[in-house]
Amino acid sequence: MLDHQRNGEKVVGTTVRKIKGYVIRDWMMSYLFLLPAFGFFLLFVAYPMVKGVYISFFDYSLRDFSFIGLDNYISLFKDNNFIKSMGNTLLLVVITVPIVIIFSLFVSMNIYKKKEFARSFFRGVFYLPAVSSVVSITVVWGWIYHPNYGILNYLTGLFGMEPVSWLGDTRTALLAIIVVLITTSVGQPIILYVASIGNIPTSYIEAAEIDRATPWQIFRKILWPMLMPTNLYIIVITTINTFQCFALIQLLTSGGPVYSTSTVMYGVYEQAFMLGHFGYASAMGVILAIVIGIISIIQFKYFGSDVEY
């Protein structure tokens with residue numbers, strides 16, 4: 001350690017190390033360890049973001065690269081397919097996120113009451129879809145939704161219902177996607193909720209029970225406020241992941257039928273890699289990023305809280 005004088009006070013300096021004759025302080029070592037991750041972030045995250053915004057002002061395709069200003073953005077809001085895709089994306093978020101939160105919290109509160117072995121078993125069962133391959137999941141659900149051989153039509157047929165083309169009907173396709181998205185989204189929230197509930201001091205709940213508080217009052221006055229940091233994280237991450245839903249759409253419906261399941265992310269893929277309109281696709285990505293940013297700020301404002309226990 002190095003000691004030095006500053007404004008008449010003795011201050012303990014930073015630990016220094018000598019490597020090949022160079023004096024390296026601890027704070028320098030910290031930045032050196034951060035440098036690989038920071039370089040990765042700049043190269044694969046920051047630079048593509050800036051480049052994407054830049055490209056969005058150009059007519060950028062395999063044949064042309066010319067500056068067109070805001071024309072891509074103006075064209076977007078005149079594009080019925082984009083407006084429909086944005087509507088589908090918002091509908092996915094509005095339906096999926098609340099169901100994931102409510103279902104995950106309900107399951108977590110019931111799992112936490114189980115013994116350790118049962119708790120671990122159920123956490124593994126619910127977390128399995130989250131770590132499984134998206135391709136394998138879509139193959140399974142594709143067979144479940146199959147209009148002729150699917151188990152879903154078999155079960156509904158037991159009640160006298162006619163077979164339904166779940167992924168081929170504009171009335172049911174988006175609902176079918178939502179069901180698959182929910183099943184793949186509840187794994188991580190359940191793990192986090194079970195851990196967070198376990199960190200809440202039992203003395204608070206016991207005191208409330210002594211005062212004859214109902215289970216609903218215990219949940220509303222104790223559990224829910226203390227789970228706010230976890231709620232915020234899960235809500236924000238689930239919202240972002242839902243906005244970025246692409247693989248399920250691409251593998252199950254390819255945006256059809258008649259754009260009824262198309263999302264903004266699928267639209268970006270379609271415009272960029274199927275039609276070669278990279279500037280137009282970049283503009284779509286920028287709009288999506290702005291929408292996600294605005295919604296995330298609102299979520300931080302209404303769900304952010306500091307909890308100490």
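**Loops, helix packing and cores in a predicted model**

Let me start with one residue. Arg212 counts as exposed, because its relative accessibility is 76%. On this scale, exposed means over 50% relative accessible area, buried means under 20%, and partly exposed is in between, with a 1.4 Å probe and protein chains only. Arg212 sits in the loop between helix H9 (202–210) and H10. Its phi is positive, about 65°, although Arg212 is not a glycine.

Now the ground rules. This is a predicted model, so local features need pLDDT of at least 70 and side-chain atom pairs count only at pLDDT 80 or more, while totals for chains, interfaces and linings use all residues. Residues are numbered from 1 along each chain as its sequence is written, and side-chain values use heavy atoms, with hydrogens and water left out.

Confidence next. The protein averages a pLDDT of 87, and 90% of the residues score at least 70. pLDDT is the predictor's confidence in each residue, from 0 to 100. Over residues 1–6 the pLDDT is below 50, yet this stretch has 19 contacts in the model beyond near neighbours in sequence. A contact means heavy atoms within 4.5 Å. Residues 8–13 also stay under 50 in pLDDT, and there the model has 15 contacts beyond four places in sequence. Where pLDDT is low, the predicted coordinates should not be read in detail.

The overall picture. The secondary structure comes to 14 helices and 6 strands. These are DSSP runs numbered from the N terminus: helices are H or I with at least four residues, strands are E with at least two. Of the 309 residues, 36% count as buried. Take the contacts with a separation of 6 or more: residues 24 or more positions apart account for 61% of them.

Back to loops. Ser254 has a positive phi, near 55°, in a residue other than glycine. It is partly exposed, because its relative accessible area is 41%. Gly256 lies in the loop between helix H12 (247–252) and helix H13 (264–274). At 14% relative accessibility, Gly256 counts as buried. A cis peptide bond joins Gly256 to Pro257, with omega about -10°. Pro257 is likewise placed in the loop between H12 and H13.

What does Gly256 touch, leaving aside neighbours within four places in sequence? Ala173 and Thr261. Gly256 and Ala173 are 83 residues apart in sequence, and their C-alpha atoms are 8.1 Å apart in space.

On to helix packing. Helix H8 (residues 187–199) and helix H11 (residues 228–243) pack at an angle of about 175°, with their axes 10 Å apart. That makes H8 roughly antiparallel to H11. Angles over 145 degrees count as roughly antiparallel, under 35 as roughly parallel, 65 to 115 as roughly perpendicular, and the rest as oblique. Axes are lines fitted to C-alpha atoms, for helices over the stretch in contact, and angles run from 0 to 180 degrees between N-to-C directions. H8 contributes Gln188, Pro189, Leu192, Tyr193 and Ser196; H11 contributes Thr230, Asn231, Tyr233, Ile234 and Ile237. By class, this contact has 6 nonpolar, 4 polar and no charged residues. Ala, Val, Leu, Ile, Met, Phe, Trp, Tyr, Cys and Pro count as nonpolar, Asp, Glu, Lys and Arg as charged, and the others, Gly among them, as polar.

Ser104 is in helix H3 (residues 80–112). It counts as buried because its relative accessibility is 0%. Beyond four places in sequence, Ser104 touches Ile99, Val186, Pro189, Ile190 and Tyr193. Gln299 lies in helix H14. Its relative accessible area is 9%, so Gln299 is buried. Outside four places in sequence, Gln299 touches Leu232, Ile235, Val236, Thr239 and Gly304.

Last, the cores. A nonpolar core is a set of buried Ala, Val, Leu, Ile, Met, Phe, Trp, Tyr and Cys residues joined through side-chain atoms within 4.5 Å. The largest has 32 residues, and Leu76 and Phe82 touch the most other members. Helix H2 (71–76), H3, H8, helix H10 (215–226), H11, H13 and helix H14 (278–303) each give two or more residues to this core. H14 gives the most, with 8 residues. Apart from neighbours within four places in sequence, Leu76 is in contact with Phe82, Ile83, Tyr280, Ala283, Met284 and Ile287. A second, separate core has 25 residues, including Val100, Ile137, Leu167 and Ile182.
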